[in-house]
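This report describes one protein model, going from the overall fold to single residues. The sequence and the structure are shown first.

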Amino acid sequence: MKKEYYNIHKDLIERCRNKDSKAQFELYKLYYKAMYNTCYRITGDEMEAEDIMQESFLVAFEKINTYKGEVSFGAWLKKIVINKSLDTIKKKKIELVPIDDKILKIKKEENNEEDAGKYKIEAIRNAIEQLADGYRIVLSLYLLEGYDHDEISQILNISSSNSRSQLSRAKQRLKEILKNEKY
């Protein structure tokens with residue numbers, strides 16, 4: 001038996017189920033910034049992120065009766081946003097960078113504390129935007145959205161080891177960009 005998640009916005013959600021537009025707007029105001037940021041981190045395009053966020057809210061309000069309360073509403077909504085963002089990327093036929101798993105040996109991350117705090121947040125954000133889509137998506141899902149490699153492999157339909165490889169290469173490429181930009 002699954003435990004029901006206590007949602008602090010339960011009343012708002014119930015009103016949304018009854019098609020209350022004011023409640024929908026209140027829920028939108030609570031989550032739109034976080035959802036926009038998630039879209040933007042995946043797509044790397046402001047206009048696309050705005051469109052995807054809007055579409056995701058429409059889908060969420062249409063399907064709100066399927067929300068069972070097993071996770072927070074924000075987590076449920078974020079899953080819709082991530083799936084919509086990935087669908088958009090797939091429609092553009094942008095592929096993940098192929099990696100031969102047999103050849104690639106993932107290096108253990110160097111724990112270089114000298115690099116910690118060296119770069120400013122804005123510089124890192126700009127560098128992330130310069131990553132290839134496949135790298136940026138895996139990096140965003142893992143580091144920013146908190147998904148593990150098994151979850152990412154299911155979302156992107158890739159192997160778990162490919163997800164690890166993409167993340168490792170994304171971090172390596174990110175360091176190169178930051179060094180070349182001399183932040």
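**Overall picture**

The model is a predicted one. Its protein chain has 8 helices and 0 strands, and the order of elements from the N terminus is α-α-α-α-α-α-α-α. Of the 183 residues in the chain, 39% are buried. The accessible surface of the chain is about 12000 Å², and carbon and sulfur atoms contribute 49% of that area. Among contacts with a separation of 6 or more, 67% are between residues 24 or more positions apart.

**Helix α1 and its buried face**

Helix α1 spans residues 10-17, and its buried residues are Leu 12, Ile 13 and Cys 16. These buried residues line one face of the helix, because they fall within an arc of 100° when seen down the axis of α1. The partners against which the buried residues of α1 pack are α2, α3 (46-62) and α4 (73-91).

Cys 16, one of the buried residues of α1, has a relative accessible area of 1%. Cys 39 is also a buried cysteine, with a relative accessible area of 0%. Both values are under the 20% that marks a residue as buried. The structure has 0 disulfides.

**Packing of α2 with α6**

For helix α2 (residues 21-43) and helix α6 (residues 133-144), the angle is about 145° and the axes are 7 Å apart. On the α2 side, the contact is made by Arg 41, Ile 42 and Thr 43. On the α6 side, it is made by Arg 136, Ile 137, Ser 140, Leu 141 and Leu 144. Sorted by class, the contact has 4 nonpolar, 2 polar and 2 charged residues.

**His 149**

His 149 is a residue of helix α7, which covers residues 149-156. Is His 149 buried or exposed? With a relative accessible area of 10%, His 149 is buried. Apart from neighbours within four places in sequence, the residues in contact with His 149 are Tyr 142, Ser 160, Ser 163, Arg 164 and Leu 167. Of these, Ser 160, Ser 163, Arg 164 and Leu 167 lie in the range of α8 (160-181).

Most residues other than glycine have a negative phi. Lys 19 has a positive phi, near 65°, and is not a glycine. Lys 19 follows α1 and sits in the loop between α1 and α2. Asn 157, likewise not a glycine, has a positive phi of about 60°. Asn 157 belongs to the loop between α7 and α8. The table sets out the two residues.

| Residue | Phi | Loop | Relative accessible area |
|---|---|---|---|
| Asn 157 | about 60° | between α7 and α8 | 70% |

Terms used
Residues are numbered from 1 along each chain as its sequence is written. This is a predicted model: local features need pLDDT of at least 70, side-chain atom pairs count only at pLDDT 80 or more; totals for chains, interfaces and linings use all residues. Side-chain values use heavy atoms; hydrogens and water are left out. A disulfide is a pair of cysteine sulfur atoms within 2.5 Å. Buried means under 20% relative accessible area, exposed over 50%, partly exposed in between (1.4 Å probe, protein chains only). Axes are lines fitted to C-alpha atoms, for helices over the stretch in contact, and angles run from 0 to 180 degrees between N-to-C directions. Helices (H or I, at least four residues) and strands (E, at least two) are DSSP runs, numbered from the N terminus. Contact means heavy atoms within 4.5 Å. Ala, Val, Leu, Ile, Met, Phe, Trp, Tyr, Cys and Pro count as nonpolar, Asp, Glu, Lys and Arg as charged, and the others, Gly among them, as polar. Accessible areas come from the Shrake-Rupley method with a 1.4 Å probe; for residues, only the protein chains shown count as cover. The arc is that of the directions from the helix axis to the C-beta atoms.
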